[in-house]
Amino acid sequence: MRSNTDEPTVVVVGGGIAGCQAARELAADHSVIVLERDNVATGATGVSAGLIAPTLFYGDRPAVANYANEFVRQFDGTNGFEFHERDRLDFVGPTDRNEAKATATELAERGFPVAYLEAATVADRYPQFDVDGFDGAVHYGDTGWVDPYTYTNAIRTAAEDAGATVEAGVTATNVTTDESGVTGVETVENGHYPADAVVLAAGWRTPELLPDGAAVPARPYRTQCIVLRPESPLADDFPLGRVGDEHLYFRPEHNGDLLIGGAHEPISDPLSASADADESFKLEVADFVPSVIDGFDGAGFVNGWSGVDTASPDTRPIIGPPPGGPDGLIVATGFNGLGVMASPVVGPVVRHHVTDASIEFSPDVFDPARFDSLENGFEYVSTSEI
Ligand SMILES: Cc1cc2nc3c(=O)[nH]c(=O)nc-3n(C[C@H](O)[C@H](O)[C@H](O)COP(=O)(O)OP(=O)(O)OC[C@H]3O[C@@H](n4cnc5c(N)ncnc54)[C@H](O)[C@@H]3O)c2cc1C
């Protein structure tokens, strides 16, 4: 570890993709310590499906989407990380045709490689899909997938190479403050860690770590994945996709299996939530996949799991100083099932708030204060519906 006592100390709570990205960004000119109660990438990050599609979810903020898109391409090949570029097809039913075409046109006008494909064109280019019942699909040419565990550990290694320290098995209990702002973090195992700034990137546990008077509207929700083995492995160029009406998304695995995700549900007690996929979700997937993709009539069930991520009221992350919080406190949470693809923005947004550094996109979309008018609680909105 580089030791430079002149550098401000930043304690990051949480070793998921958000905490590791914050650490990587700050480590060059801060003494950064990441505290992780378990191990790096063992929360939502480790069970993520790893789909990367910033254009789809941030197309209304082109600078954000471009930043996230470019990051995975630039980081590709670093510390064992690989970005697997794949087309994406978002299947569209007849009633959604006009809206989907308008979305594709708008994104194309903003410079993204997006187009509306009629059903016949989809059938021609992607013969493994049965397009009956679909009007067509929105085609994205800049999407892909990553292995989230490898990605996060590659980011962690980059942070450590820049001087950050990652301490696993250390549980933060609270942020300490005095009249000037944060003073550090108290832990169960090692007592107090002094800090000039604290970044809370503790997933759904973030709200419970906030000092009195600070609040962010973030709540846990559960979502599931299943891996199926087709009769023969999927081709190397098999696309990612989503069938919006069914709230299901999919991507190929390295070995030609298919990962299918969905079943978002708000929960109030994450600690008692099952980590397995539900029987009902398995049945839904077993029924749906063979009806849309060839080669799955005799598919085998490989694996299934669920995980808990953090929802925000508008499905966008909450990154910045929490309203009512002390000086020097930053939160990075509320990633709504999109935190792996959105994670590149965490670093610059956190740096902007810690150091006042300029930033190449507006961080307002992530501002925790945008929810000031909310009282307690909010209605959960699934990203599968946007
Ligand atoms: C099943 C599933 C599929 C998903 N698929 C995708 C996808 O395809 N694409 C995509 O972009 N996103 C996807 N996501 C979402 C993505 O995984 C999350 O948004 C992202 O990983 C959130 O990262 P995080 O760092 O905020 O949280 P986490 O990964 O949960 O990290 C928080 C960390 O904080 C630690 N922590 C908590 N409390 C403390 C404490 N008191 N002290 C110390 N450490 C603490 C936890 O142990 C944890 O490691 C998916 C999520 C799930 C569950």
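Trainee: Where is the place of D356?
Mentor: This is a predicted model: local features need pLDDT of at least 70, side-chain atom pairs count only at pLDDT 80 or more, and totals for chains, interfaces and linings use all residues. Residues are numbered from 1 along each chain as its sequence is written, and side-chain values use heavy atoms, with hydrogens and water left out. Helices (H or I, at least four residues) and strands (E, at least two) are DSSP runs, numbered from the N terminus. D356 is placed in the segment after α10.

Trainee: Is D356 buried or exposed?
Mentor: Buried means under 20% relative accessible area, exposed over 50%, and partly exposed in between (1.4 Å probe, protein chains only). D356 has a positive phi of about 75° without being a glycine. Its relative accessible area is 67%, so D356 counts as exposed.

Trainee: How does A263 class by relative accessible area?
Mentor: A263 lies in strand β17, residues 258–266. Its phi is positive too, near 55°, and it is not a glycine. At 24% relative accessible area, A263 is partly exposed.

Trainee: Why does the span of α3 agree with its 14 residues?
Mentor: The expected span of a helix is 1.5 Å times one less than its number of residues. Helix α3 covers residues 62–75, so it should span 20 Å. The end C-alpha atoms agree, because they are apart by 20 Å.

Trainee: Which elements cover the buried residues of α3?
Mentor: Those buried residues include Y67, F71, V72 and F75. Contact means heavy atoms within 4.5 Å. The cover includes α1 (17–26), β3 (51–52), α2 (54–58), α6 (148–161), α9 (339–342) and α10 (346–355).

Trainee: What do the buried residues of α6 pack against?
Mentor: The buried residues of α6 include Y151, N153, I155 and A159. Just after this helix, G163 takes a positive phi of about 115°. The buried residues of α6 pack against α1, α3 and α9.

Trainee: Which residues does A18 touch, leaving out those up to four places away in sequence?
Mentor: A18 is found in helix α1. It counts as buried, because its relative accessibility is 10%. Its contacts are A201, A332, F335 and V346.

Trainee: Which element gives the most residues to the shell around the ligand?
Mentor: A residue is near a molecule if one of its heavy atoms lies within 4 Å of it. The ligand is surrounded by 36 residues, the closest being E36, T45, L51, D309 and M341. At least two shell residues come from each of α1, β2 (31–36), β14 (219–229), β18 (300–311) and α9. With three residues, the most comes from α9.

Trainee: How much of the ligand does the protein bury?
Mentor: A polar contact is a pair of N or O atoms within 3.5 Å. A side-chain N or O atom of E36 is 2.6 Å from a ligand oxygen, and a backbone N or O atom of M341 is 2.8 Å from a ligand oxygen. Taken alone, the ligand exposes 1000 Å², by the Shrake-Rupley method with a 1.4 Å probe. Of that area, the protein buries 97%.

Trainee: What distance separates the centres of domain 1 and domain 2?
Mentor: Domain bounds come from an automatic or database domain assignment. Here domain 1 is 9–47 + 149–217 + 313–385, and domain 2 is 88–140. Taken over C-alpha atoms, their centres are separated by 36 Å.

Note on methods:
Polar contact = N/O pair within 3.5 Å; in protein donor to acceptor, adjacent residues only side chain to side chain.
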